[in-house]
Amino acid sequence: MNKIIIAIDGFSSTGKSTIAKQLAKALNYVYVDTGAMYRAITYFAIENQLIGSEFFDSDKLVSRLDEIHITFEFNEELGFAEVYLNDKNIEKEIRTLKVSKYVSPVAAISEVRQKLVQQQQLMGKNKGIVMDGRDIGTVVFPDAELKVFMTASAETRAKRRYKELLDRGHNLSYEDVLENVTTRDRIDSTREDSPLIKAQGAFEIDNSDLTIEAQIETLLKLVKDIHKKGD
């Protein structure tokens with residue numbers, strides 16, 4: 001079968017990465033977590049005191065973008081690719097609520113988006129890729145054969161994120177997580193550059209009450225239907 005590009009967009013904590021990873025594995029496709037790329041730049045900004053609770057030196061961050069080199073390296077034990085920033089594994093560091101708090105304002109910077117979109121488009125030049133994020137179907141791959149938009153209620157997403165962070169040993173409150181989710185929704189949906197919207201022709205999945213298995217089954221059927229049309 002001819003390989004295709006699968007673009008999965010949607011709100012934070014809708015499980016896009018989990019679904020995209022499993023779908024890529026089922027299809028033997030490459031998986032790219034674009035959110036991790038934005039988190040890596042956010043981590044760089046935090047570590048270099050370019051962003052904090054009361055400040056964000058976006059101009060300084062833009063001037064230092066050439067210092068940032070992001071790569072993915074597959075970890076056979078874990079079964080997925082981990083994120084490296086300038087050859088340092090930062091997979092655990094970028095999954096904290098602190099990084100989540102600042103990733104949306106960092107991702108709203110046009111120069112940051114331009115840098116990463118170029119890299120993402122190169123990753124998909126040979127197709128056979130599943131990529132998830134906020135603007136994959138609208139900006140990165142507007143001609144993707146399959147575009148998906150994932151959503152769920154803010155409360156459902158906050159509960160998922162809260163459990164995930166607790167399981168990782170983070171000490172925080174559900175209220176803080178819910179506030180982070182709703183704030184990111186607002187910033188992601190209203191930013192001037194590539195706001196989060198449903199791409200034209202995208203298949204929408206509200207997974208508030210859907211199992212992972214049900215979502216994968218739906219997506220595999222969509223892929224199968226696309227291949228049938230192409231035959």
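Modeller: A salt bridge is a side-chain nitrogen of Lys or Arg within 4 Å of a carboxyl oxygen of Asp or Glu, and the model in which we look for such pairs is a predicted one.

Biologist: How many salt bridges does the structure hold?

Modeller: Side chains of opposite charge can pair when their charged atoms come close. Counted over this predicted model, the number of salt bridges is 13.

Biologist: With which residue does Glu145 form a salt bridge, and which parts of the chain does the pair tie together?

Modeller: The closest N and O atoms of the pair are 2.4 Å apart, which lies within the 4 Å that a salt bridge requires. Glu145 sits in the loop between helix H6 and strand E9, while its partner sits in the loop between helix H5 and strand E8, so the pair ties together parts that are 18 residues apart in sequence. The partner of Glu145 is Lys127.

Biologist: Are Asp185 and Arg157, which also form a salt bridge, buried or exposed?

Modeller: Their closest N and O atoms are 2.6 Å apart, and the pair links distant parts of the chain, with Asp185 in helix H8 and Arg157 in helix H7, 28 residues apart. As for accessibility, both Asp185 and Arg157 are buried.

How values were computed: Residues numbered from 1 in each chain as written. Predicted model: local features only at pLDDT ≥ 70, side-chain atom pairs only at ≥ 80, totals over all residues. Heavy atoms only, no water. Helix = DSSP H or I, 4+ residues; strand = E, 2+ residues; numbered from the N terminus. Buried < 20%, exposed > 50% of the residue type's maximum accessible area, 1.4 Å probe, protein only.
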